[in-house]
Amino acid sequence: THCKAHFCGYCHKKCANSRGAHDHVRECDANLTSNGSYYAEPNIIRDAQRRYRIKRLKRFFQTNSLKQQLQNAVVIELGKDLAELDIDPAALFNFGNLQGN
């Protein structure tokens, strides 16, 4: 079964058609293959997906203006899910202003 959607497998950018998606993948900043290939080893895909998920979670926290304590509580509650996705919770914790200013 195909979803018939066209998007980048690295950054999830939606494209109008298959050609557009393939062209984008070759130039995508999130494509960490050595030659901008459409094809990547599973570890490269997993790392790209992990980075994408971290970015989206951070954006969610910022967009919803979650207070520091609530954001950290959410990260703790997501601990098992984050572990399954190989996401280090430290990448999402909000430590606030550590300088005390």
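How many aromatic pairs does the count come to? The count comes to two aromatic pairs. Rings of Phe, Tyr and Trp (its six-membered ring) pair if their centres lie within 6.5 Å; planes under 30 degrees apart are stacked, over 60 edge-to-face, the rest tilted.

This is a predicted model, with residues numbered from 1 along each chain as its sequence is written. Local features need pLDDT of at least 70, side-chain atom pairs count only at pLDDT 80 or more, totals for chains, interfaces and linings use all residues, and side-chain values use heavy atoms, without hydrogens and water.

**View 1. Tyrosine 38 and tyrosine 39 form an aromatic pair.** The geometry is edge-to-face. The centres are 6.2 Å apart, with 90° between the planes. Tyrosine 38 is partly exposed at 32% relative accessible area. Tyrosine 39 is exposed at 68%. (Buried means under 20% relative accessible area, exposed over 50%, partly exposed in between; 1.4 Å probe, protein chains only.)

**View 2. Arginine 26 sits over the face of tyrosine 38.** The distance to the ring centre is 5.2 Å. The rule asks for NZ of Lys or CZ of Arg within 6 Å of the ring centre and within 35 degrees of the ring normal.

View 3. A disulfide is a pair of cysteine sulfur atoms within 2.5 Å. The closest cysteine sulfur to that of cysteine 8 belongs to cysteine 28, at 3.8 Å, so it is too far for a bond. Cysteine 8 is buried, at 0% relative accessibility.

**View 4. Cysteine 11 is in no disulfide.** Its nearest cysteine sulfur, in cysteine 28, is 3.7 Å away. Cysteine 11 is partly exposed, at 28% relative accessibility.
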